[in-house]
Amino acid sequence: KFSEEKELLQGELEAGRKARLEEKSEAQRAIARLEEDLAAERKAKAEELRNLQVMLTEAQEAKKAIEQQNSSGNEQMAEEFAKYRQSVQDLEASQDKMLAEEREK
């Protein structure tokens, strides 16, 4: 009877060991899956970051181009206004000259 109990206990012990080994193996597989998921997520985030950096660079370049266009546009407008102002002054001077000539007559 003692040896039967001993065999029974050894069988239970062996079954317990197998169960713990299976649980440990399952836990290791779960950890491996989580690590793979984490690596994939990191890769996706890195790609997203690269895309955002490209978009930021493009936006900065566009802003710079717009600022340059505005700057040159402002300079051009200032030149045109200066020409217009000179034309107005020339016309006023001509008008004054003509009025003065009319008064002399």
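Analyst: We call it a salt bridge when a side-chain nitrogen of Lys or Arg sits within 4 Å of a carboxyl oxygen of Asp or Glu. This is a predicted model, so local features need pLDDT of at least 70 and side-chain atom pairs count only at pLDDT 80 or more, while totals for chains, interfaces and linings use all residues. Residues are numbered from 1 along each chain as its sequence is written, and side-chain values use heavy atoms, with hydrogens and water left out.

User: Why is the contact between Arg 29 and Glu 22 called a salt bridge?

Analyst: Their side chains meet with N and O 3.3 Å apart. That is within the cut-off, so the pair qualifies. In general, side chains of opposite charge can pair when their charged atoms come close.

User: What makes Arg 29 and Glu 22 partly exposed?

Analyst: Buried means under 20% relative accessible area, exposed means over 50%, and partly exposed is what lies in between (1.4 Å probe, protein chains only). Arg 29 comes out at 39% and Glu 22 at 41%, so both land in that middle band.

User: How many salt bridges does a search of the whole structure find?

Analyst: It turns up 4. Among them is Glu 47 with Arg 50, where the closest N and O atoms are 2.7 Å apart. Another is Glu 67 with Lys 63, at 4.0 Å.

User: Why is Lys 63 called exposed?

Analyst: Lys 63 reaches 52%, which is over the 50% mark, so it counts as exposed. Glu 67 has 44%, so it stays partly exposed. Glu 47, at 37%, is partly exposed as well, and so is Arg 50 at 43%.

User: Which residues form the negative surface patch?

Analyst: Glu 35, Glu 36, Asp 37 and Glu 41 do. Patch members need over 30% relative accessible area and no salt bridge; like charges are joined within 9 Å, and nonpolar side chains (Val, Leu, Ile, Met, Phe, Trp, Tyr) within 5 Å. Glu 41 has 47% relative accessibility, so it clears that area cut-off. Glu 41 belongs to helix H1, and its C-alpha atom is 25 Å from that of Lys 24, 17 residues away along the chain.

User: What makes the protein more spread out than a compact globule?

Analyst: Start with the fold: there are 1 helix and 0 strands. The radius of gyration is 45 Å, well over the 13 Å that the globule rule gives for 105 residues, so the protein is more spread out than a compact globule. That radius is taken over C-alpha atoms, and the rule is 2.2 Å times the number of residues to the power 0.38. Along the principal axes, the C-alpha atoms fill a box of roughly 155 × 15 × 5 Å.

User: What share of the 105 residues is buried?

Analyst: Buried residues make up 0%.

Technical notes: Areas by Shrake-Rupley, 256 points an atom, 1.4 Å probe, with all protein chains shown as cover. Lys, Arg positive; Asp, Glu negative; His and termini not counted. Charge placed at Lys NZ, Arg CZ, Asp CG, Glu CD. Helix = DSSP H or I, 4+ residues; strand = E, 2+ residues; numbered from the N terminus.
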